[in-house]
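Time to open the notebook and look through this one. I'll jot down what I looked up as I go.

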Amino acid sequence: MSETPWYNKGLFSSLNLRQKTLLTIGLTGLVLLVIFICGTLINANLPTDFSIKMQPPTFDHIFGTDWMGRDMFIRTIKGLSLSIMIGIGASIISSIIATILAFVASVNKFCDSVVSWLIDLFASIPHILLLMMISIALGKGAFGVIMAVAFSHWVNLTRVLRAEVLQINTSEYVALSKKFGKSKLWIAKEHILPLILSQIFVGTLLVFPHAIMHESSITFLGFGLSPHEPAIGIILSESMTYLAMGAWWLAFFPGLALLIVVLLFDIIGDNLKRLFDPSQANK
Amino acid sequence: MNLKANNITFSYSKKRQILKDVSLSINNNEIIGLIGDSGSGKSTLCKILSGYITNYTGEVTMDNKAIPDKDFYPVQLIYQHPEKTMNPKWKMEKVLNESWTPTQELKDTFGLKDTWLTRWPNELSGGELQRFSILRALNPKTKFIIADEISTMLDAVTQVQIWEALIKHCKANNIGILAVSHDEELLEVICDDILHFDEINNL
C-alpha cells in the first residue's frame with residue numbers, strides 16, 4: 001500500500017487536491033481565453049489564393065486550406081471565438097431567466113404552479129425544433145441564435161434553483177427574518193441570493209458546452225448564423241461538398257477543435273462544482 | 001401589558017390532537033415557567049404564541065387586541081438550536097444587526113466578544129451562538145419573549161450567566177418571559193410562577 005498513485009508523482013506531487021483543481025480550472029480557462037482573444041483580434045477576411053487551394057495539412061497551413069485557398073487554421077480559430085462569444089451570451093441570458101423564474105416560483109402557490117407548468121412545457125419540446133423556430137422568428141444571425149439557445153436552456157437550472165429556493169424558504173432563519181418584519185424582497189435579496197449564487201455560477205458554466213454545440217448544429221442546418229461568417233457550423237456544412245473528393249481535413253480539424261473547446265468548458269464546470277460543493281465530489 | 005392565549009386548539013393531522021382549549025396569560029413584568037413531557041406540544045404552543053403557526057383555532061391577543069403581523073412581531077421566539085436560525089453565509093455582525101443594533105453595554109453583559117462579529121456561524125460554539133440569538137430577540141419593540149429550551153445545551157455556568165443577563169434586561173425593560181424547559185429546578189429558581197403543561201392542556 002505504500003506505493004503512491006500516479007497523480008501524486010512527478011511535477012505536481014507537492015500540490016493538494018484543492019490546488020490541483022484550481023490549477024486545472026486556471027489552465028483550462030487560460031487556453032479558452034487565448035483562443036477567444038486570438039479569434040477576436042484576427043481579421044477573418046482572408047484573401048483568396050487559388051494557387052494554394054485544397055491543400056492537405058502542411059507546415060505552412062497546419063489545418064490545410066479550403067477550395068478558395070484560405071488557411072483553415074485561422075478560420076477555425078475565428079469560428080471558435082465566435083462560438084465562445086455566442087456561448088457566453090446565451091448562457092448568461094439563460095441563467096438570468098432561470099434565476100428570475102426561480103424567485104417568481106417562490107412568491108406563492110399559484111406562481112409556483114405556473115413556473116412548473118412552463119418548465120414542463122419547454123422540457124417537452126425537442127431542443128432542435130425550439131432552437132430553429134426561435135432563431136427563424138428572430139431573424140437568424142448572432143442575435144437570433146443567442147436568444148434561441150438562451151430560451152431553450154434555462155429549464156434544468158430553473159428546476160435546480162426552484163428546489164433550492166423552496167428549501168431555503170422553509171428554513172428557520174427565513175421564518176425568523178419575517179418575524180423581524182423584513183419584506184419578501186429583502187429576504188430574497190439578502191438571505192436567498194447569496195446561498196444560490198454558487199449554483200447559478202456552476203449552472204451558467206455547464207450550459208456553455210450545450211450552447212456551443214447547439215449553435216454549431218443549427219448553423220450547420222442553415223438556421224443560424226449567416227453563411228459569410230466563419231462559424232464552425234458554416235465551415236462544417238461547407239465541407240460536406242468536398243468530403244467526397246477526399247478533403248477530410250476541412251471537417252476533421254474544425255470538428256475536433258470544437259469538441260476540445262466543449263470539453264474544456266465541461267472540465268471547468270465540473271471542477272468548479274467540486275470546489276463549491278465538496279460533498280458531491282466523490283459521486 | 002398582557003399576552004393572552006384563549007382556548008387554543010390545534011392538531012398537525014386529523015388523527016391526533018395536540019392542543020385542546022389551552023389558555024394562559026402572561027404579564028410583562030413576570031416570568032412564567034412551562035414544564036411538560038417531550039412531545040406533549042410545548043414547542044407547538046410556543047410557535048402559536050409567537051406567530052409561526054397561524055392555522056389554529058382560538059385566539060392570541062396582546063392587551064385584548066390581535067397582534068399585527070406585518071411589522072416587527074412583538075412576541076419573539078428564541079429557538080433551542082441557534083445554529084439553525086442563522087444564515088450560514090452571513091457573518092455574525094450581519095446576523096446580529098438583522099434585528100437591531102444593541103449597545104456595547106448590552107453586548108458586554110451577555111459576554112459577546114467583538115472578535116466573534118467577523119466570524120461565520122459555524123466557527124462559533126452553540127453557547128456563543130445562543131447569546132447572539134437572545135440578543136437579537138431583545139429588540140426595543142419586543143414585548144414578550146418565548147424561550148423554548150434556550151439553555152438546554154449549555155453548561156451550568158453559562159446557563160446562569162445567560163439567564164441572569166436576560167432576566168435583568170427584561171425586568172428593566174418590562175418584557176415578559178415564557179420559559180419552557182424540562183428542568184424543574186431551573187424554573188423554580190428563575191420563574192415567578194410555574195405552569196404544568198398537562199394541567200393547562202385539556203386533552
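What percentage of the 203 residues in chain B is buried? I got 35%, where buried means 20 or more other C-beta atoms within 10 Å of a residue's own, with C-beta atoms placed from the backbone.

Ground rules, before I forget. I'm working with a predicted model, where local features need pLDDT of at least 70, side-chain atom pairs count only at pLDDT 80 or more, and totals for chains, interfaces and linings use all residues. Residues are numbered from 1 along each chain as its sequence is written, while chains are lettered from A and ligands numbered from 1 in the order in which they are written.

**Overall size of chain B**

I looked up the box around the C-alpha atoms of chain B, and along the principal axes it is roughly 50 × 40 × 35 Å. The radius of gyration of chain B is 17 Å, which agrees with the value near 17 Å for a compact globule of 203 residues. That radius is taken over C-alpha atoms, and the globule rule is 2.2 Å times the number of residues to the power 0.38.

**Helices and strands**

I found seven helices and nine strands in chain B; these are DSSP runs numbered from the N terminus, with helices (H or I) of at least four residues and strands (E) of at least two. The UniProt record, an unreviewed entry, annotates residues 3-203 of chain B as "domain: ABC transporter", though such annotations may be inferred rather than shown by experiment. Over that stretch I noted 30% helix and 24% strand.

**The sheet**

Next I traced an open sheet of five strands in chain B, in the order S6-S7-S8-S3-S9, with parallel pairing; two strands pair if DSSP finds at least two bridges between them. Its edge strands are S6 (75-78) and S9 (193-196) of chain B, each pairing on one side only. Inside chain B, I saw five bridges joining S7 (residues 144-148) to S8 (residues 176-181). Ile146(B) stands opposite Leu178(B) in S8(B).

**Where the chains touch**

How many residues of chain A are in contact with chain B? I found 11, and they meet 15 residues of chain B; contact means C-beta atoms, placed from the backbone, within 7 Å. On the chain A side, H7(A) gives the largest share, six residues. That side divides into six nonpolar, three polar and two charged residues. Here Ala, Val, Leu, Ile, Met, Phe, Trp, Tyr, Cys and Pro are nonpolar, Asp, Glu, Lys and Arg are charged, and the others, Gly among them, are polar.

Note on methods. A residue is buried if 20 or more other C-beta atoms lie within 10 Å of its own, exposed if 12 or fewer, and partly exposed in between; C-beta atoms are placed from the backbone. Two residues are in contact if their C-beta atoms, placed from the backbone, lie within 7 Å.
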